[in-house]
Amino acid sequence: MRKNELFVCESCGYESPKWFGRCPNCGAWNTAKQFTPSEKPGRGRKTGPTTLKKIAVELRTSRISTGFSELDSALNGGLLPGQVVLLGGEPGVGKSSLALQICCQLANKVKSLYVTAEESADQIAFRAERFGCKSQDNVVILTENDPMLVLDVLDNSFGLLVIDSLQAMYSEQVGSYPGSVAQVRTAASLITERCKSLSIPAILIAHITKSGEIAGPKMVEHLVDTVIYFEGEVNTDFRILRVVKNRFGPSGEVCVFEMFEFGLRQIEESFLIDIEEPPSGNCFSCVIEGSKPFIVQVQALVSKARSLSARRISNGYDLTRLLMLIAVLEKHARLPLENRDVYINVMGGLRITDTAADLAVVCAIVSSLTELSLGKMAAFGEVSLDGRIRPVHRVKNRLDALSKLELKKILLPSASDTNEQNCVALKDVRSLLSILGGKSVDIQ
């Protein structure tokens, strides 16, 4: 073996000068692949010291709008020169459509280079025509998968670079197959370095694995500035864009899109609810994802178990937390749930992580169990193991968002500081039963 050859784990990117059967880092078997690292090109620039004040002024004045106000807000104002964004999502969710629409919407300001290694130029042109791209001269299509040839074309005349996709890039110098750890890492490293040297923002489209993570070595997510996951069921029109990493702003921001015939359209108002009088098992809530309040509708279905072990299924809500809430209701509210199947669904396909939705989930379960309709009622609050309803942050923002629905009643923790007339303070889950229709529940 030559001295410059390495063995790299395809699962985690671990490097070793010797072959290994089991990766010492992640423990995976038979993932060692041999490759020859290529010589890295020079940076082509010289940097000198500068003050923080000068950098801050440049950052405030140089952000580039993507054409989607909601996406700009999630990115803390837009794209910065040299910012590298890793956009991941399942096949068919709309990653390429979103990137191409950004190119089309920036066409009247800057020239974009769209590198496609998976589709033909005719396919891209047909999609751009469907999206209504007006300044088509400023969107340059390059059908190439060699990162070195892409860097030869990229110069200061471009204001945006799109790579579709990172896993399709292939360099002969690496000596491995497309999508391997070595190829992905080499392509990401070369493209990121060149974009930062030219101060050109880039969007790298990436595939995801069956486990929902971006394919390739984890190092790529550390290498880029921003990591975005584009989520949504392919058989629905709604898409959720979630920023999980952002060096130039807060992470955890969420924005919502709708897919239709002429591309993606951002949704600014709440779309995740049914404003009509809901039947039993439904409860509204307001969750905070990033810095944005979302009004969501939680649905619950409680039915008799058909097998010896009751089923607990959750869609859009953490299953472990659901199991905890069921145990709290059985212990402190004396609800007979041990022999009943419990299903939880968050309408619209949104996956919520805010613990303030606990009280809404509890209300929906009780409503379905007792078959008592809650009507236009909302609830938010964190449920603790001892059955108490704990306060949550940003109560005023949640109430302001819920005020648009003209709700009859809003349940919230007793420690919340509010004087709203339709608000009912709750201390624990035991007091919830009397508010919903009775002090106890007796169900056969």
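Helices (H or I, at least four residues) and strands (E, at least two) are taken as DSSP runs and numbered from the N terminus. You are looking at a predicted model, where local features need pLDDT of at least 70, side-chain atom pairs count only at pLDDT 80 or more, and totals for chains, interfaces and linings use all residues. Residues are numbered from 1 along each chain as its sequence is written, and side-chain values use heavy atoms, with hydrogens and water left out.

**The whole chain**

Start with everything selected. The chain holds 11 helices and 21 strands. Of its 444 residues, 50% are buried, meaning under 20% relative accessible area with a 1.4 Å probe, protein chains only. Among contacts (heavy atoms within 4.5 Å) with a separation of 6 or more, 66% join residues 24 or more positions apart.

**Helix α6**

Now select residues 181-198, which form helix α6. How far apart are its end C-alpha atoms? They are 26 Å apart, in agreement with the 26 Å that 18 residues should span at 1.5 Å a residue; the expected span is 1.5 Å times one less than the number of residues. Because 14 of these 18 residues are buried, α6 is largely enclosed by the rest of the structure. Step just past the helix to S199, which takes a positive phi of about 60°.

Next, pick L154, in the loop between α5 (147-153) and β7 (160-164). Is L154 buried or exposed? With 4% relative accessibility, it counts as buried. Show its surroundings: leaving aside residues up to four places away in sequence, L154 touches L113, L161, R194, C195, L198 and I200.

**Where α3 meets α4**

Finally, select α3 (residues 95-105) and α4 (residues 121-130), whose axes come within 10 Å and cross at roughly 65°. Axes here are lines fitted to C-alpha atoms, for helices over the stretch in contact, with angles from 0 to 180 degrees between N-to-C directions. The two helices are therefore roughly perpendicular, the word used for 65 to 115 degrees. Display side chains to see S96, S97, L100 and C104 of α3 meeting I124, R127 and A128 of α4. The residues of this contact divide into four nonpolar, two polar and one charged; Ala, Val, Leu, Ile, Met, Phe, Trp, Tyr, Cys and Pro count as nonpolar, Asp, Glu, Lys and Arg as charged, and the others, Gly among them, as polar. Before you leave, colour α3 by accessibility: 10 of its 11 residues are buried, including L98, A99 and I102.

Definitions and conventions
Parallel < 35°, antiparallel > 145°, perpendicular 65-115°, else oblique.
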